[in-house]
Amino acid sequence: MYKSIIRPVLDKLDSETWHNIVREGMHITETSVASLKLLEFLACSGNRLVDEKLNVNLSGIKLENPLLIGAGWDKSGRAVKALYSIGFAGVEIGSVLEYPQPGNPQPRQFMLNPGVCLNWLGFNSPGMKTVGYYLSRYKNSEIPLGISLGINKYIEPKDAPFANAVVAEYLDDDASYFAINVSSPNTPGLRKLQDKDNLIDIVQAVSEVTEKPVFVKIAPDLTNQAVDDVIKVVIDHGLAGIIATNSTNNPSIKAKYGNEWEKQDGGVSGDDGDFRMISTIKIEHIYKQVGDKIDIIGVGGIKDTETALEKIRAGAKVLQIVTGLR
Ligand SMILES: Cc1cc2nc3c(=O)[nH]c(=O)nc-3n(C[C@H](O)[C@H](O)[C@H](O)COP(=O)(O)O)c2cc1C
């Protein structure tokens, strides 16, 4: 029903608008046990699959299976139970900022091809207080929740450690883990925070306010040398691991969909073979350097079993999906 009736209607709408409609529709199903069960029944052709053989231990967090929703799908914590009921083991919320921020002017999210997204949302977030209020609905649910940390646009690099830490401290009770997101392509200067010295300051500030596992999320566009620097920071500071990767701002990948996109700001995600490949290569590289010393969460272009297995074979322990869920 979704593919034959609902999706064709949604495809005619602006990409961000339809996404918001789907997310809020899922939010509404959370108002009663019956509607959640119906969602589960429709999505899973019966009951949600539960199989102990699929259990994964992610840095001490018990996941029923290795598949999470990645950051960006539910930035504010509106549809956690609904996403869990359709089979995901948990949800990474965010990125969450200290203060509300509208993000860039719309339209700012396009489907370049079916399954391939370009967005320059620019960290739209209702801010940590509103997110905390939304997440209070899930207090007793025990659904694993990652919280992706972001910073407001006007934050100077020197203030980034505090800006990350303040969100982690505020949402600490809600989080199963935190992700330091220094890799979104849409906040000017953010990716510079992946540099060793900047990253160390952020990691230290966040580690001071939480004992939850902390991951660092990297861009697929980093050089291997820069990835090695991130690995060193993660290991030296006893962090849980790395999330590889965010979307790409590679101009040649954008240009494949028309010259008009080549110079457009923003990140490409989803079903693009080149993006998927550079993202998987980063996982492979990290795993070669450190093996199982840290956990790798693989994300980037996963759309089916084959593309999921590709990341697992490269060394990912857990997977995330964002653009593929539409
Ligand atoms: C519309 C959209 C918004 C996103 N917002 C965030 C974000 O706020 N924080 C973050 O760390 N990643 C964000 N991402 C990146 C995704 O989490 C993911 O790393 C990337 O899209 C690659 O995965 P995919 O191919 O499954 O989409 C966003 C992606 C999309 C498509």
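1. Among contacts in the protein between residues at least 6 apart in sequence, what percentage join residues at least 24 apart? In this predicted model, the share comes to 69% of such contacts.

2. As to overall dimensions, the radius of gyration of the protein is 18 Å, which agrees with the value near 20 Å that a compact globule of 326 residues would have. The C-alpha trace, taken along its principal axes, spans about 50 × 50 × 40 Å.

3. The secondary structure of the protein is made up of 12 helices and 13 strands, and 56% of its 326 residues count as buried.

4. The side chains include 35 that are positive and 40 that are negative, with 4 Å between the centres of the two sets.

5. The relative accessible area of L171 is 0%, and because buried means under 20%, L171 is counted as buried.

6. The surroundings of L171 can be described from its contacts: when neighbours within four places in sequence are left aside, L171 is in contact with V96, M128, V131, G132, I147 and F178. As for K129, which is 42 residues away from L171 along the chain, its C-alpha atom is separated from that of L171 by 8.7 Å.

Conventions. Residues numbered from 1 in each chain as written. Predicted model: local features only at pLDDT ≥ 70, side-chain atom pairs only at ≥ 80, totals over all residues. Heavy atoms only, no water. Helix = DSSP H or I, 4+ residues; strand = E, 2+ residues; numbered from the N terminus. Rg over C-alpha atoms; globule rule 2.2 N^0.38 Å. Buried < 20%, exposed > 50% of the residue type's maximum accessible area, 1.4 Å probe, protein only. Contact = heavy atoms within 4.5 Å. Lys, Arg positive; Asp, Glu negative; His and termini not counted. Charge placed at Lys NZ, Arg CZ, Asp CG, Glu CD.
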